[in-house]
Amino acid sequence: MKKQVLFILLLLAMTSTAQTTIEPNLKWGKPTQEELTMTEYAADKDADAVELFRQVDVYYHFINGDFRVINEVKCRLKVLKPEGKRVADGVIAIRLSSSSSVPETVRGLKAVAYNMENDKVVKTKMESSMVHEEQIGKTEKLLKFSVPQVRVGTVVEYEYRLESDYYYELRDWYAQSDIPVVYTKYDVSIPEWFSFHIEESGMSRLEKKDDCGSITIGNEPLPTKGHIFIGRNLPALKDDDYVWRAEDYGCKVTHELQGIYIPGAVHKSYTSTWADIDEILNNDEEFGGRIKKNSPLKEELIAAGIPQIANHQERVESVWKLLSQRVRWNGDYAFWAKSGNKVLKEGTGTNADINFLFINMLHDAGINATPVVLRLRNRGRLPMTHASLKYLSTFVVGIDLNDSTTVYFDSSAEDGYLSVLPACLSVERARLVEKGKPGMWVNLQQNTALSTERTFIKATLDGDGKISGTLANALTGEAAAALRKKWRTAKDSIDVIHQMQENKEIEIANYQLQGRHDFSPNINESYSFTKQCSSTDDIIYLNPLVIAPISKNPFTDETRNLPVELPYRQRETVNVMLTLPDGWQIEETPKPIVLKFDGITARIMSSQNGNQLSVAYKLDIQRTFFTQQQYKDLKAFLERLVESCKSMITLKKVAQ
C-alpha cells in the first residue's frame, strides 16, 4: 500500500512539473501543436503573452575591403490574453550616419501569424504595407511593423537580418523582457583581430559556452571566437511605479571594443572615455555649435530690459517667461534639435529644441548656461565604464546664478521651477559639458530642490464625533509641480475636489489655490472641511492626525525581484491642533512613534494641554534607491508607518 501511495505521489509530482514547463521548439517555421493550443503559461498564469523562442546570431563579413557585422534575429511568440496582442507590433532601431551613406540596413523582414481554425493551422503573412519607418532625431530611425490577424491564441513568428557598418560597436543583448521567456539563445562570433570586453549581468543564470570558427578575408581564413548564451524559463520583468527600467536588472550581455589588432598594422584603440564624448559634443556643429549662437529673440530680450535686471535669479525667470510665451513643449524628449527659427515659427518643440533656445537667450542676457547631458531614467542608467553617445537621450540646462550656485532647469518642467525637474530627469549621473573646461559629473537627485509638503490642520471635535476645521497646505519643489499638473490636466475642478474627498474621507468647502499659474517653487492650497468619526453616545474613536498622511502601503507583494526606485527626495510634515469637546477625555494619550530605515525617518508626536490636542507628523525620505534584498525591510517599515497613521484613540464621555 505504501509503495502504491509513493508511486501516486511521484506521478502527481511529475505531472505537476510537466504542467509548469513547456519544451522549447527550436524548429523555425513550425509551431508545435502544444504551442498552438496552449491557453496559459503555467509558470506565470497572469502573463498575457510568452516568448517561446528567440535566437540572435551575430557574426562578421569582410566586404569591399572592410568589416560588416550581421545580426540575424528569429522570434516566436504566443498571445494568451487580449492585452498580449501588443507583441504583434515590432520595432527595430536603426542607427543613421551624418553623411549620405547608409550604415545600417534591415533585410529579409518576414512575419507570419499562425491561428487554429476548424482544427486546421491558418498562416497569414505580413504584407509590405504593414511596415513603415519613423525618424527619431538625427542619429536614429525606427522600422515598425505589425503582424496581421493576431488574436488570443495566435502564434507569431518574425525574422530579419540587420547589417551594420558599425562593426566596432555590438548591440546589447537582453535575454528578458516584460513577458516570460521559454527559450532564448545569443550566439556571437568575433574575429580574433577584435578585442571586446564582454560582460554578462542579471539575476537569473544563463548557460554559457565558447566555440571557434573562421571567416574569409581575401583567400585566407581568419579565426573567430564564439560565445553562446542560453536562457531557459526566464521570468517576466514587469515594470511598476517603483522601477524606471526593469530591463536594467534582467539578464543581458554588453560589449565594449577595447582595440583592433591587425598583424603588420598599427594597433588602434577604440576605448572611449567620457572626456572623449565631451570633446565630440563641443566640436559638433549641431551641439557645441548651437551653444555659441545668438537667440532669434535677442532683440526682444534687450527691448524688454531683461539683461539689465540686477538679480540673476529674477533675470533667469524673466528670460524663461519670455520664451514660454512663444513656444510650448510638445511632450517629447530629444538630444538633437531643430533650428531656433523653425521652433519659434512652429510654436512648439522637444525639450532639446527649447533648451537650446533657452541657453542662447540666457547667454544674450549675460547668464552663463550650459547643457547637462543625461540618459532618461526610463532608458536605463548611464554606464561609467564604457562611454558612448548612444547612451545619451537628452539634456537639461545648468545655469550659473553666481560663482557658487548652479541651478538646473528643463523646458519639459511645465509646472516646475529652477532646480525642480520632472522625476524622469532626476538622475544620479548627468554630465555638464562646457567648452574649454573638463566635463563634470552632476548628481541631479542631490543637486535639485527637496520636494516638501507642510500641512497645518486646525479643527474642533464635537460630542457627536464630527470634526470641523481648516487645512492649509504649503508645497514646494516636485510636490508643488505635481499639484499644478493635477489641476492643469484635470477635466474640471469638480473632479479634482471629488477625488480629494474620496481619498481623504472628508467633505471639502471653500477650496482655494494660490500660485497655480506662477513660475515659482511654491504653491499653497487651503480649504475648510468636515469629517465624521465613528462614535456612540459615550465613546468617540478618533484618528489624532485627523487625515492620515499615508493610508496604504504601496508594496503588497511578499517578495520582489527588482529594486525599488523612488521618484525624488521628499519631506512631509503635518501639524494638527484639535480642540476636544467639553466633558470628554482621552482614554490613553498616544505614545511617541519613531521609525527609521536606511535614509527614511518618520515621527509622530502628540501632547495635550487641557482640551487642546497637538499632533506632529514628519516623514523624511533622503534616499531614492533600495535593493531587492532591502525590499522586505522597506515593506515592513511602510506597514508600521501606515498602521501608525491610521491608529485610533478612544475618547470617553466623563460621567456628570
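This note covers the overall build of the chain and one of its sheets.

1. The model is predicted: local features need pLDDT of at least 70, side-chain atom pairs count only at pLDDT 80 or more, and totals for chains, interfaces and linings use all residues. Residues are numbered from 1 along each chain as its sequence is written, and side-chain values use heavy atoms, with hydrogens and water left out.

2. The protein chain has 11 helices and 35 strands. Both are DSSP runs numbered from the N terminus: helices are H or I with at least four residues, strands are E with at least two. Along the principal axes, the C-alpha atoms fill a box of roughly 105 × 95 × 45 Å.

3. Three strands form an open sheet in the order β9-β14-β11, with antiparallel pairing. Pairing requires at least two DSSP bridges between the strands.

4. Which strand does β9 meet over two bridges? That is β14 (residues 252-260), in the antiparallel sense. Trp-173 has Val-253 of β14 as its bridge partner.

5. Of the 656 residues, 48% count as buried (under 20% relative accessible area, 1.4 Å probe, protein chains only). The accessible surface comes to about 33200 Å², and carbon and sulfur atoms hold 48% of that surface. Areas come from the Shrake-Rupley method with a 1.4 Å probe.

6. Among contacts (heavy atoms within 4.5 Å) with a separation of 6 or more, 70% join residues 24 or more positions apart.

7. Charged side chains number 81 positive and 87 negative, and the centres of the two sets lie 1 Å apart. Lys and Arg count as positive, Asp and Glu as negative; His and the chain ends are not counted. Each charge is placed at NZ of Lys, CZ of Arg, CG of Asp or CD of Glu.

Technical notes:
Buried < 20%, exposed > 50% of the residue type's maximum accessible area, 1.4 Å probe, protein only.
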